[in-house]
Amino acid sequence: MWNSIKSVAALLLSFGLLILANGMFHTLLGLRAKHEGFSTETIGLVMAGHFVGLLLGAIYAVRAVRAAGHIRAFAAFASVLSVAVLTHILIIDPVIWFVLRMVAGFCMAGMVMVVESWLNERAVNTTRGQVFSLYMTINYFGAGLGQFTLTLGDPARHELFVIASIIFSLALVPVLMTGASAPKPVSPQRMKFRELYAISPLAVAGTMCAGMINATMNSLGPVFASESGLNLHEISTFMAAVIMGGILLQFPVGRLSDLWDRRSVLFIITVGAVLAGLGIIEAGDHAVYWLFAAGAVYGAFCYTIYPLSAAQINDLADPDKLVQISSGLLIAYGTGAVCGPIIASQLMGRYGPQGMFYFTVAAVGGLAVFTVWRMARRGRSAGVKATYLPLGSLGMSSKQFYNSTLRALRKRR
């Protein structure tokens with residue numbers, strides 16, 4: 001195990017820096033947009049641009065990797081991303097910011113794809129599951145720790161933008177210095193949405209719901225916290241609590257869903273997420289630490305919806321079509337991620353900061369009702385279950401590492 005980790009340590013360091021900077025910048029931009037006088041509705045539209053770019057990058061960035069190679073493509077993505085981050089403070093305009101968010105999202109997807117494909121090549125089947133678990137742990141803790149870097153400066157000034165650009169640039173160094181041979185890029189093989197929905201309507205609905213609520217929290221969570229009267233340190237702590245809370249239930253929920261009907265576990269999780277969302281609304285009238293606690297519980301429930309949905313469809317799908325399934329789910333997640341911040345921001349503009357959680361509670365509550373309906377329509381599958389694997393707070397990547405780990409664990413059964 002230790003030898004396997006040492007062989008991918010440089011790549012995991014690059015990934016950790018990417019996620020740290022991305023988590024920091026996501027929160028920073030929401031706060032800066034509010035400082036610049038953007039309306040909440042406009043902020044939602046601007047932040048949705050990031051997820052448009054992520055979706056496009058997850059589908060098309062492989063062309064740049066194939067044309068230039070992994071190292072050159074990674075360097076190009078990192079350079080453009082650093083420029084995009086700094087350009088935000090040179091041109092204060094929501095339309096320009098939307099375009100910059102798209103560019104940043106595309107580059108981020110490309111960089112994660114490069115790291116993930118490299119990790120996939122270096123990991124061996126006997127330790128792939130352990131490396132994947134470490135990869136996901138870095139995902140959540142990197143994004144959570146990124147929130148605390150906001151306290152290094154004032155969001156109204158330029159220093160934090162420079163720090164984010166520096167961290168994105170530093171992510172280049174471990175990849176450029178690695179002696180590993182570059183793997184062959186794999187083109188995504190997509191499945192028609194109709195075919196995907198036919199395999200598991202609930203999994204598709206759950207994936208879209210996860211995209212909506214996760215992207216809404218990542219984009220508008222800082223705006224909610226700011227409009228609720230929290231200071232910068234409290235905003236950072238609230239966002240970190242939500243993101244790091246996402247890792248708390250991954251193992252127990254995965255274990256339960258591997259033993260029980262996944263739909264029953266998904267129903268329990270959705271009910272818990274609804275109650276946690278209502279708890280955040282209620283906590284606004286109490287001491288701030290209640291808001292932190294409610295946020296951690298909310299993250300613990302909400303960030304398990306996506307991997308549960310993926311596991312549900314993998315149970316029912318042909319094992320030879322895992323790549324197509326993952327690519328189809330990527331489209332579903334991305335669609336939800338684009339729509340979520342836009343819808344939630346409109347409700348926040350009308351009902352105040354609580355409008356964000358009115359939306360997420362309604363979305364997850366709708367998924368709970370749909371789960372019960374699907375359980376009534378289709379009996380429990382008697383087939384062999386796929387292993388539950390966590391999926392990161394970022395939501396989208398090439399899923400190459402995920403698929404290979406799933407296959408390796410299936411072979412070991």
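The model is predicted: local features require pLDDT of at least 70, side-chain atom pairs count only at pLDDT 80 or more, and totals for chains, interfaces and linings use all residues. Residues are numbered from 1 along each chain as its sequence is written, and side-chain values use heavy atoms, with hydrogens and water left out.

The protein contains 17 helices and zero strands, where helices (H or I, at least four residues) and strands (E, at least two) are DSSP runs numbered from the N terminus. Of its 413 residues, 58% count as buried; buried denotes under 20% relative accessible area, exposed over 50%, and partly exposed the range in between, with a 1.4 Å probe and protein chains only. Contacts are defined by heavy atoms within 4.5 Å. Among the contacts in the protein with a separation of 6 or more, 87% are accounted for by residues 24 or more positions apart.

Two packed helices are described by the angle between their axes and the distance between the axes. Axes are lines fitted to C-alpha atoms, for helices over the stretch in contact, and angles run from 0 to 180 degrees between N-to-C directions. Angles under 35 degrees count as roughly parallel, over 145 as roughly antiparallel, 65 to 115 as roughly perpendicular, and the rest as oblique. A crossing is left-handed if the near helix is turned anticlockwise from the far one by less than a right angle, and right-handed if clockwise. For the composition of contacts, Ala, Val, Leu, Ile, Met, Phe, Trp, Tyr, Cys and Pro count as nonpolar, Asp, Glu, Lys and Arg as charged, and the others, Gly among them, as polar.

Helix 3 (residues 70–87) packs against helix 4 (residues 94–122) at an angle of about 150°, and their axes are 9 Å apart. Helix 3 and helix 4 are therefore roughly antiparallel to each other, and their crossing is left-handed. On the side of helix 3, the contact involves His70, Ile71, Phe74, Phe77, Ala78, Val80, Leu81, Ala84 and Thr87. These meet residues of helix 4 that include Leu100, Phe106, Met111, Val115 and Trp118. By class, the contact of helix 3 with helix 4 comprises 17 nonpolar, four polar and no charged residues.

Helix 9 (residues 201–227) packs with helix 2 (residues 40–68) at an angle of about 150°, with the two axes 9 Å apart. Helix 2 is therefore roughly antiparallel to helix 9, and helix 2 passes helix 9 in a right-handed crossing. Thr40, Ile43, Gly44, Met47 and Phe51 of helix 2 meet Ala215, Ser219, Leu220, Val223 and Glu227 of helix 9. The contact of helix 2 with helix 9 has six nonpolar, three polar and one charged residues.

Helix 9 also packs with helix 14, at an angle of about 160° and with their axes 8 Å apart. Helix 9 and helix 14 are therefore roughly antiparallel to each other, and helix 9 passes helix 14 in a left-handed crossing. Ala203, Gly206, Thr207, Ala210 and Ile213 of helix 9 make this contact with Ile305, Tyr306, Ser309, Gln312 and Ile313 of helix 14. The residues of the contact of helix 9 with helix 14 divide into six nonpolar, four polar and no charged.

Twelve aromatic pairs are present in the structure. Rings of Phe, Tyr and Trp (its six-membered ring) pair if their centres lie within 6.5 Å; planes under 30 degrees apart count as stacked, over 60 as edge-to-face and the rest as tilted. Tyrosine 298 and phenylalanine 357 form an edge-to-face pair, 5.4 Å centre to centre and with 80° between the planes. Tyrosine 298 lies in helix 13 (residues 288–302) and phenylalanine 357 in helix 16 (residues 355–377), so the pair ties together parts 59 residues apart in sequence. Tyrosine 298 counts as buried at 3% relative accessibility, and phenylalanine 357 is buried with a relative accessible area of 0%. Ring pairs link Phe224, Phe238, Tyr298 and Phe357 into a cluster.

Proline 155 is located in the loop between helix 5 (128–148) and helix 6 (159–170) and is buried, with a relative accessible area of 11%. Not counting residues up to four places away in sequence, proline 155 touches Leu28, Leu31, Arg32, Leu160, Phe161 and Leu232.

Alanine 317 is placed in the loop between helix 14 (305–316) and helix 15 (322–351) and counts as buried at 10% relative accessibility. Leaving aside neighbours within four places in sequence, alanine 317 is in contact with Ile199 and Ile325.
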